Amino acid sequence: VLVLAWFFTAKATGPANGPPERPIVEEIPKEPPPPPDPRIAIVQPSVDKGVAFIKANVPQIASQRAAYAGLNGLTLLECGVPADDPAILRLAEVIRKAAPGMNQIYDLSASLFFLNRWDEGRPLNDADRAMARSLALRIIAGQRGDGIWGYGGVALSAEQEAKLVISLKGGTHKPTGSPVASMSNTQFAMLAIWGSRKHGVPVRD
């Protein structure tokens, strides 16, 4: 018994007059990253041409409805254009300028597509995040009772937005949007408000 006690004590404390033994940790070699997809080299020249075309036409895009700025801005970001590129900043300004009176699902949703994606490369500041939240609530307010959307959202006051958020969190919100139905606008609306959860919009899974 004494021998066994000595054996286990020695294992726990290490050799006499020495530091405790440390467990041997074997490092698992990391697998090398996969090689780049060879198709990238084939399509990249076309992507670069498309990016150059959009950038060259930003002044014209800026004179159109906000949805054009949102979709073109989203395209640039998805093509790898930096979040602080002058073209991106210009399109963001178009959306900011149009936001106060924006009430069409197409414009609201496309603007949110851009803002939600832009937030990944450059976190939105407080003002832009509040704007994105407001756009999402206008979309929600425009939903019909059967879950479909029409063409119009609902511009809300700050008080109305606060009440809508409370009803959404409490599960008491009942949609009463336009009687007109549009499946294409419904798809836009669903994708936009799903991505707006990161801005504190209470959207259920």
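In the predicted model, Phe-114 is in contact with Gly-70, Gly-73, Leu-74, Leu-77, Ile-88, Ala-92 and Ile-95, leaving aside residues up to four places away in sequence. Phe-114 is also listed, with Leu-76, Leu-115, Trp-118, Leu-135 and Ile-139, among the residues that make the most contacts inside the largest nonpolar core, a set of 44 residues. Helices H2, H3, H4, H5, H6, H7, H8 (158–170) and H9 (183–195) each contribute at least two residues to this core. Helix H7 provides the largest share, with eight residues. In soluble globular proteins, nonpolar side chains tend to be buried together.

Leu-115 is placed in helix H6. Its relative accessible area is 1%, and Leu-115 is therefore classed as buried, the cut-off being under 20%. Beyond residues up to four places away in sequence, Leu-115 touches Ile-95, Leu-124, Met-131, Ala-132 and Leu-135. Leu-115 and Asp-128 are separated by 13 residues in sequence and by 8.2 Å in space, from C-alpha to C-alpha.

Helix H6 comprises residues 105–121. Its 17 residues should span 24 Å at 1.5 Å a residue, and the C-alpha atoms at its ends are 25 Å apart, in agreement with that expectation. Most of H6 is covered, with 13 of the 17 residues buried. Asp-107 also belongs to H6. This residue counts as buried because its relative accessibility is 9%. The contacts of Asp-107, apart from residues up to four places away in sequence, are Arg-65, Ala-66, Ala-67 and Met-102.

Helix H5, made up of the 13 residues 86–98, reaches 19 Å from its first C-alpha to its last, close to the 18 Å expected at 1.5 Å a residue. Its buried residues are Ala-87, Ile-88, Leu-91, Ala-92, Val-94 and Ile-95. These residues cover an arc of only 150° around the axis, and they therefore lie on the same side of H5. An α-helix has 3.6 residues a turn, so residues three or four places apart point the same way. On the other side of H5, Pro-86 and Lys-97 are exposed. The cover over the buried residues of H5 includes helices H2 (38–56), H3 (58–62), H4 (66–78) and H7 (126–141), together with H6. At the start of H5, a side-chain oxygen of Asp-85 comes to within 2.9 Å of the backbone nitrogen of Ala-87.

Leu-191 is located in helix H9. With a relative accessible area of 57%, Leu-191 is exposed. Although Leu-191 and Ser-109 are 82 residues apart in sequence, their C-alpha atoms are 7.8 Å apart in space.

Over the whole protein chain, nine helices and zero strands are assigned. The order of elements from the N terminus is accordingly α-α-α-α-α-α-α-α-α. The chain has 205 residues, of which 35% count as buried. Among contacts between residues at least 6 apart in sequence, 69% join residues at least 24 apart. The chain exposes about 13,100 Å², and 61% of this area is supplied by carbon and sulfur atoms.

Terms used
Residues are numbered from 1 along each chain as its sequence is written. This is a predicted model: local features need pLDDT of at least 70, side-chain atom pairs count only at pLDDT 80 or more; totals for chains, interfaces and linings use all residues. Side-chain values use heavy atoms; hydrogens and water are left out. Helices (H or I, at least four residues) and strands (E, at least two) are DSSP runs, numbered from the N terminus. The expected span of a helix is 1.5 Å times one less than its number of residues. Buried means under 20% relative accessible area, exposed over 50%, partly exposed in between (1.4 Å probe, protein chains only). Contact means heavy atoms within 4.5 Å. Accessible areas come from the Shrake-Rupley method with a 1.4 Å probe; for residues, only the protein chains shown count as cover. The arc is that of the directions from the helix axis to the C-beta atoms. A polar contact is a pair of N or O atoms within 3.5 Å; within protein, one must be able to donate a hydrogen and the other to accept it, and residues adjacent in sequence count only if both atoms are side-chain atoms. A nonpolar core is a set of buried Ala, Val, Leu, Ile, Met, Phe, Trp, Tyr and Cys residues joined through side-chain atoms within 4.5 Å.
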